[in-house]
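Visitor: I'd like a quick tour of how this fold is put together. Could you walk me through it?

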Amino acid sequence: MEEIINKVANSALEVFDLEDYYPKGARRQVDISQWLFEGVVLKEKDFRESLKQHDWQQYQDAYVAVSAPEDAIIPSWAAILVTVYLTPYAKKIISGKIEDIDVSLYQEILQALDYTAYQDKPVIVKGCSKKPVPMSAYILATQKLQPFAKSIMYGEACSAVPLYKRK
């Protein structure tokens with residue numbers, strides 16, 4: 001009986017798995033409309049009082065997205081004031097929807113990585129993920145890998161799609 005050899009494990013192929021960089025921590029949404037009159041109009045005195053009474057500790061060590069409905073009449077300082085209350089508790093605060101949190105986190109992480117380990121190597125950007133890795137992270141990772149990698153593929157080693165090959 002022939003020995004089964006894992007050719008992928010023995011190859012020079014480097015796997016770049018975005019899941020490895022997924023930051024742990026709760027993702028939370030703060031919708032400003034909860035403190036608005038009829039959900040659409042900001043009354044400054046009431047708004048400020050509601051913020052003072054809110055339990056901000058529930059956002060301890062969380063990544064928080066601050067949002068408001070598009071049809072609401074809200075001055076730009078409102079989201080900034082919510083940020084002032086969140087800052088002592090949250091790990092990171094963004095303006096937008098909860099899905100935008102991972103986009104922002106991956107932008108920071110991927111910008112800071114050292115890609116020299118992939119110099120002149122074939123790289124596969126792992127496609128299947130159990131975590132909510134945004135498409136923008138795959139795009140940015142590919143962009144960052146391209147100056148270093150000999151080639152870039154997407155997917156799994158058994159069914160990779162070629163994306164780039166240095167000439």
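Here are a few questions about the helices and the sheet.

Guide: This is a predicted model, where local features need pLDDT of at least 70, side-chain atom pairs count only at pLDDT 80 or more, and totals for chains, interfaces and linings use all residues. Residues are numbered from 1 along each chain as its sequence is written, and side-chain values use heavy atoms, with hydrogens and water left out.

Visitor: How are helix 2 and helix 3 oriented to each other?

Guide: Helix 2 spans residues 44–53 and helix 3 spans residues 77–86 (helices are DSSP runs of H or I, at least four residues; strands are E runs of at least two, all numbered from the N terminus). Their axes sit 10 Å apart at an angle of about 20° (lines fitted to C-alpha atoms over the stretch in contact; angles run from 0 to 180 degrees between N-to-C directions). Angles under 35 degrees count as roughly parallel, so these two helices are roughly parallel.

Visitor: Which residues of helix 3 meet helix 2, and how do the contact residues divide?

Guide: Glu44, Phe47, Arg48, Leu51 and Lys52 supply the helix 2 side (contact means heavy atoms within 4.5 Å). Facing them in helix 3 are Trp77, Ala78, Leu81, Val82 and Tyr85. The contact residues come out as seven nonpolar, no polar and three charged.

Visitor: In strand 3, what is the bridge partner of Gln29?

Guide: Strand 2 and strand 3 (residues 63–67) pair in the parallel sense over five bridges (pairing takes at least two DSSP bridges). In strand 3, Gln29 is partnered by Ala65.

Terms used
Angles under 35 degrees count as roughly parallel, over 145 as roughly antiparallel, 65 to 115 as roughly perpendicular and the rest as oblique. Ala, Val, Leu, Ile, Met, Phe, Trp, Tyr, Cys and Pro count as nonpolar, Asp, Glu, Lys and Arg as charged, and the others, Gly among them, as polar.
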